[in-house]
Amino acid sequence: MTIVRIVSLLPSATEILFALGAGDEVVGVTFECDHPPEARTKQIVSTSAMTPGLTPAEIDREVRSRIAAGEDLYRLDEGALRDLDPDLVVTQDLCAVCAVDLSTVDAARDYLGCDGRVLTVDPATLDDVIGSLLVIGAAVGRRTEAEQLTTELRRRLERITASVAGEPRPRVAVLEWTDPPFNAGHWVPDMVSAAGGQSVLGQAGQRSGRIDWADIATAQPDLIVVAPCGYHLETAIPLATALRDTRDLPPGVPVWAVDADSAVVRPGPRLVDGVEALAAICHPTRVPARERLAAYVGTTPANT
């Protein structure tokens with residue numbers, strides 16, 4: 001089947017499609033799809049059902065409440081989906097907090113009589129993420145482009161590995177959420193490892209999960225990285241700064257904020273940018289800083 005009309009229900013899938021040269025075939029995206037800028041010109045078919053302007057703690061409470069009540073976190077515009085009549089809908093079934101639930105997509109297709117294929121992309125590790133480019137590339141007739149892109153991404157990772165070879169590997173605690181604290185799982189521990197560090201909270205390939213402040217102290221991190229899901233650097237910095245000042249953290253540990261949406265939590269090509277940013281944090285004398293992706297906010301308070 002020739003793919004000429006694609007709806008992406010994932011910011012990461014949108015980035016992948018554009019990176020593969022299939023941007024012209026993308027006709028529908030989510031409200032979160034902001035990279036590349038051309039994605040903003042596409043029709044929005046999915047919006048958030050969450051109350052705007054909430055704090056991290058309030059967001060956590062509302063998410064938990066909605067999930068417990070069986071309510072949706074996203075709204076799918078069925079009318080837009082019908083009008084666009086896509087040949088392919090790209091979505092995921094990995095995290096209910098990240099995109100429209102897969103069952104909602106399937107039900108809408110059946111109700112509207114859409115014949116388009118649904119492709120679910122659920123990477124759990126960094127290698128899975130790179131492999132997903134080949135899956136999407138094959139689905140949209142861009143296999144060669146996907147092979148070229150994955151080759152270049154792996155070469156960049158190899159260069160990072162070479163640049164930090166032989167260096168001590170700092171213990172890195174990456175937080176995906178700050179109130180309450182969540183560790184960063186899935187592909188993030190792989191990113192830390194590729195950057196020349198040791199992930200001391202989340203496990204590669206496992207879901208992110210809520211932790212206690214004591215878990216961070218027990219992990220004895222050399223570095224704390226705040227990468228809040230749904231936040232870019234300018235909004236992550238205040239969260240990292242507030243976290244830096246809490247007495248619940250081990251004393252004297254450097255704290256960094258990173259642009260999570262651009263380089264950590266969206267499973268697409270820019271995760272390699274995130275590895276480069278983490279490598280610069282872990283090994284500042286060996287890897288150039290990525291200033292637009294990370295910011296140092298100070299150290300946790302010393303014991304008094």
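## A buried glutamate

At 5% relative accessibility, E15 counts as buried (buried means under 20% relative accessible area, exposed over 50% and partly exposed in between, using a 1.4 Å probe and protein chains only). E15 sits in helix α1, which covers residues 11-19. Leaving aside residues up to four places away in sequence, E15 touches H35, R266 and R270, where a contact means heavy atoms within 4.5 Å.

Please keep in mind that this is a predicted model, in which local features need pLDDT of at least 70 and side-chain atom pairs count only at pLDDT 80 or more, while totals for chains, interfaces and linings use all residues. Residues are numbered from 1 along each chain as its sequence is written, and side-chain values use heavy atoms, with hydrogens and water left out.

## The overall fold

The protein chain has 11 helices and 12 strands; these are DSSP runs numbered from the N terminus, with helices (H or I) of at least four residues and strands (E) of at least two. Along the principal axes, the C-alpha atoms fill a box of roughly 65 × 45 × 30 Å. For 304 residues, a compact globule would have a radius of gyration near 19 Å, and the 20 Å of the protein chain agrees with that (the radius is taken over C-alpha atoms, and the globule rule is 2.2 Å times the number of residues to the power 0.38).

Of the 304 residues in the protein chain, 56% are buried. Among contacts with a separation of 6 or more, 68% are between residues 24 or more positions apart. The protein chain exposes about 13600 Å², and carbon and sulfur atoms supply 48% of that area (accessible areas come from the Shrake-Rupley method with a 1.4 Å probe; for residues, only the protein chains shown count as cover).

Strands β2 and β3 run parallel and are joined by three bridges; two strands pair if DSSP finds at least two bridges between them. One place to look is G28, whose bridge partner in β3 is Q43.

Strand β3 is also joined to β4 by three bridges, and these two run antiparallel. Here S48 stands opposite Y74 in β4.

## Aromatic pairs

Three aromatic pairs turn up in a search of the whole structure (rings of Phe, Tyr and Trp, the last by its six-membered ring, pair if their centres lie within 6.5 Å; planes under 30 degrees apart count as stacked, over 60 as edge-to-face and the rest as tilted). One of them is F31 with Y74: the ring centres are 6.3 Å apart and the planes stand at 45 degrees, so the pair is tilted. F31 lies in the loop between β2 (26-30) and β3 (43-48) and Y74 in strand β4 (residues 74-76), so the pair ties together parts that are 43 residues apart in sequence. F31 is partly exposed at 27% relative accessible area, whereas Y74 is buried at 12%.

Another pair is W177 with Y231, whose ring centres are 5.8 Å apart with planes at 65 degrees, so the pair is edge-to-face. This pair also links distant parts of the chain, 54 residues apart: W177 is in strand β7 (residues 171-178) and Y231 in the loop between β10 (223-226) and α9 (233-244). W177 is buried at 12% relative accessibility, and Y231 is buried at 14%.

## Cysteines

The search of the whole structure finds zero disulfides, a disulfide being a pair of cysteine sulfur atoms within 2.5 Å. C229 is partly exposed, with a relative accessible area of 31%, while C282 is buried at 11% relative accessibility.
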